[in-house]
Amino acid sequence: EFWEAIGGPGPYCKKDRRSHWVPRLFEGYALDGQLKMREIVNYSQWDLSEQQSYLLDCYDKLYVWYGSQCSETMKQSSI
């Protein structure tokens, strides 16, 4: 299933893509009892809500941020 999802086995990319990478921010939210993530584009600090959790994808590192009023359930689901 993995190979099918990425188009089959083949040569690996040798380029360092980090120099072109722009960090991506995702907001966590609950839908039907499951954690879902939606991307926030052109984000700033003002996009952060105290009730939500966020994931910042920085290419080779992932950061999780919890608002001060984020529920324990949302925190556990985010991890």
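The following exercises, each with a worked solution, concern selected residues of the structure above.

The model is predicted, so local features need pLDDT of at least 70 and side-chain atom pairs count only at pLDDT 80 or more, while totals for chains, interfaces and linings use all residues. Residues are numbered from 1 along each chain as its sequence is written, and side-chain values use heavy atoms, with hydrogens and water left out.

**Exercise 1.** Determine where glutamate 27 is found, and classify it as buried or exposed.

*Solution.* Step 1: glutamate 27 is found in strand 1, residues 24-31; strands (E, at least two residues) and helices (H or I, at least four) are DSSP runs, numbered from the N terminus. Step 2: the relative accessibility of glutamate 27 is 13%. Step 3: buried means under 20% relative accessible area, exposed over 50%, and partly exposed in between, with a 1.4 Å probe and protein chains only. Glutamate 27 therefore counts as buried.

**Exercise 2.** Identify the residues that glutamate 27 touches, not counting residues up to four places away in sequence.

*Solution.* Step 1: contact means heavy atoms within 4.5 Å. Step 2: under the stated exclusion, glutamate 27 touches Lys36, Met37, Arg38, Ile40, Gln52, Ser53 and Tyr54.

**Exercise 3.** Describe the aromatic pair of the structure and the accessibility of its members.

*Solution.* Step 1: the structure holds one aromatic pair. Step 2: this pair consists of tyrosine 54 and tryptophan 65, at 5.6 Å centre to centre with 50° between the planes, and is tilted. Rings of Phe, Tyr and Trp (its six-membered ring) pair if their centres lie within 6.5 Å; planes under 30 degrees apart count as stacked, over 60 as edge-to-face and the rest as tilted. Step 3: the pair links distant parts of the chain, with tyrosine 54 in strand 3 (residues 53-57) and tryptophan 65 in strand 4 (residues 62-66), 11 residues apart. Step 4: tyrosine 54 counts as buried because its relative accessibility is 2%, whereas tryptophan 65, at 37%, is partly exposed.
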